[in-house]
Amino acid sequence: MIIKPLPTLKFNALIKPAPINKMSKLMLYFFRFLHIVFSYDMGFFQFKSYIVKNIFRLISILQCISICGTVIYFLFVNLDKFFAIWYTVFIVQFIINVLILNLSGNKMTYYRFQRALLLLDSELKVDTSTYNFELKIILCIFVSISCRCLLTYSYCSDYIENCVKPVLAEVLYCVPWFSLDIVLIVYSSIFYSAYCRLVKLTSNLKNTYIDICGCQYLYISIVDATEQIKITFDNVFLVVLLIDFPEVMVSIYLLLLELKKYWMNILLTTSLNSFTIFQSLVLMFCPPLCANILLAQTEKMTIVLHNRLLQEKDKNRIKDIKRLIRYIEARPFNLKARGIIPLNASLPVAMLNFCVTYLIVAIQFSHLY
């Protein structure tokens, strides 16, 4: 994607020159490491040749399939059929996510999205390092994977008969097991990144000397970049809702079943399962909640512009402000996954409502309690 140069904003002389923002090597190497381990192509490997790029993608897909094939073989050889099928569902979801990220054909990769935002930061005269974005996303991924590791180790230490065997297969299974957390955190970071730029843009709009036309082009660039990168991750999120959310509901039902049968004798198991379910739900709720704060910030920007109208006396500036307000109202962020699932605070509420309703129905029909 060729990023067109944005019009220069007219700030007063007191504002410092725009910093030259570059992507940190920490983030670059971190996402390259994720690509090598999890086969998630987010564009952080740059290739001069399109053929070499496709070969690298093919290797990533084959690596994913070989890991998953090995794990599935050991699952059905060493485990009960129920647990083998249960774990296989996670593996299938991982394969689908890898295929989506490698074969989407979307020119706006996560890497190019972050590069586009770095250019916007230069136009906004913001030092990108003030966001501490790299540290936040790496910390979130590290904490999430650490929790999964701790839960897996604790569970398999006491219930080794339900875990993947041998040790090599157990280690390989961690790849699909941890991968879903990564892709959901990255999806959430898209909205958070756009939110940070909108916060700065809103702050600049309070400046009397700001170029309103330039701000409109910046708003257009933020919306364009967000909506283009969102297309690929929308597909991944739909897969999560179709596969992972029903799994969470089944996990809750099985947890209630264990509580009825054994009660206090399986306190450790229920605690681990409860935390696993809680973590899965939190990660599923993160993208719509982050998208919701992005929408709220857009509304704040509109309010700031209306306040400017009350103070502004120059007719040309009033015209520019009204035009920007009309454009924001006509073109808000498209916060729907593939135009179907609304990405706002109502989605977690609807999911919890759906989960509770059908669990109650399942409990009643099965006479669990």
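The protein chain contains ten helices and two strands. The model is a predicted one. Followed along the sequence, the elements come in the order α-α-α-α-α-α-α-α-α-β-β-α.

The protein chain has 369 residues, and 48% of them count as buried. Its accessible surface is about 19100 Å², with 67% of that area belonging to carbon and sulfur atoms. Contacts can also be sorted by how far apart the two residues lie in the sequence. Among contacts in the protein chain with a separation of 6 or more, 84% are between residues 24 or more positions apart.

Next come the cavities. The count is four cavities of 30 Å³ or more. The largest cavity has a volume of about 130 Å³. It is lined by 14 residues, and those closest to its centre are Asp-41, Leu-101, Ser-104, Thr-109 and Thr-232. Helix 3 (81–103) and helix 7 (212–262) are the elements that give two or more residues to this lining. Helix 7 provides the largest share, three residues. By class, the lining of the largest cavity consists of six nonpolar, six polar and two charged residues.

The second largest cavity has a volume of about 70 Å³. Its lining is made up of Met-23, Met-27, Gln-114, Leu-118, Thr-128, Phe-133, Glu-134 and Arg-197. At least two of the lining residues come from helix 4 (110–123), and at least two from helix 5 (133–158). Four residues of the lining of the second largest cavity are nonpolar, two are polar and two are charged.

Terms used. Residues numbered from 1 in each chain as written. Predicted model: local features only at pLDDT ≥ 70, side-chain atom pairs only at ≥ 80, totals over all residues. Heavy atoms only, no water. Helix = DSSP H or I, 4+ residues; strand = E, 2+ residues; numbered from the N terminus. Buried < 20%, exposed > 50% of the residue type's maximum accessible area, 1.4 Å probe, protein only. Contact = heavy atoms within 4.5 Å. Areas by Shrake-Rupley, 256 points an atom, 1.4 Å probe, with all protein chains shown as cover. 1 Å grid on protein atoms, 1.4 Å probe; cavity = no way out; pocket = protein on both sides within 12 Å on 5 of 7 lines; lining within 4 Å. Points joined across faces, edges and corners; volume = space filled by probe spheres on them. Nonpolar A, V, L, I, M, F, W, Y, C, P; charged D, E, K, R; others polar.
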